[in-house]
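Please take a moment to look over the chain as a whole before turning to its parts.

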Amino acid sequence: MTKKKLWSLGFFMILPSIILYWFYFSKPTSFPTNEQLVEEMNRNFPEATASVIQETIPVGERNVLVPFISKRGDYGLSYWVWKNHKWKVASIDTKGEPRLWKIHKNDPSSFYFVWNIHPKDQLSSIHFYMIRDRGYRITKGVEHYEPRVQMEKRVSLQEKSYGWMQLSHDWVAIMNAYRKAESAKLPEQDLFFGWIPYDQMNKETFPESSVNGTGYSNSEVDLEHVMIVNRGDIEFPR
């Protein structure tokens, strides 16, 4: 085989690898303009009726959170991912009640609370919780007591009604420890997330304009519902 044929053979063997790397692993290009975002959202999910982009918020290198206002006056959230060499809208919620966005589902350090609260609800703050109820069981004659876990993070809405918050190191440490411990064999839903909305008088309230919307998802994003809990569900120091 001549040297020219060897070069040609080598080139055609390497070419697929270059194309695959470019398609799946290349760094993201510039993010679409606000006009392009609105057009893409309404094309994929006409019920969104997106009209105004409030901000584009990078969440890692390949994920962007985009809060928006619809023509109906709803405050929603859209989730964008860089995939197959293209920015794609992975999910849209017409209302902005808090969600937990899991960028990598097995790595709690990549989990983010996201929200976009309607101004009509006049909330002053959100209190997020991670809770596991205490329990008691007997296995093979051995008694086991499981203490309650309750952790809280407060977010002020005085400056912005939308935003995101990465799980803090202490929350991540608890989740990782819980997964590694023997108790991790129990159903993971034992550990859950909740939130309590507070109004301008610092009283618990229900945000009617921020919940019960509709949504679109192409299954390329992992979002967990964050339930509203009551103060009665929370334990306070005596």
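A residue is called buried when its relative accessible area is under 20%, exposed when it is over 50%, and partly exposed in between, using a 1.4 Å probe and protein chains only. This is a predicted model, in which local features need pLDDT of at least 70 and side-chain atom pairs count only at pLDDT 80 or more, while totals for chains, interfaces and linings use all residues. Residues are numbered from 1 along each chain as its sequence is written, and side-chain values use heavy atoms, leaving out hydrogens and water.

Helix α2 spans residues 34-44, and its buried residues are L37, V38, E40 and M41. Because these cover an arc of only 165 degrees around the axis, they lie on the same side of α2 (the arc is taken from the directions from the helix axis to the C-beta atoms). The face turned away from that buried side carries the exposed residues E35, E39 and R43. What do the buried residues of α2 pack against? They pack against the strands β1 (50-53), β3 (63-70), β4 (75-83) and β5 (86-93), where helices (H or I, at least four residues) and strands (E, at least two) are DSSP runs numbered from the N terminus.

R99 is found in strand β6, residues 96-102, and it counts as buried because its relative accessibility is 18%. Leaving aside residues up to four places away in sequence, R99 touches several residues, among them Y79, D93, Y112 and H225, contact meaning heavy atoms within 4.5 Å.

Across the protein chain there are three helices and 16 strands, and buried residues make up 41% of its 238 residues.
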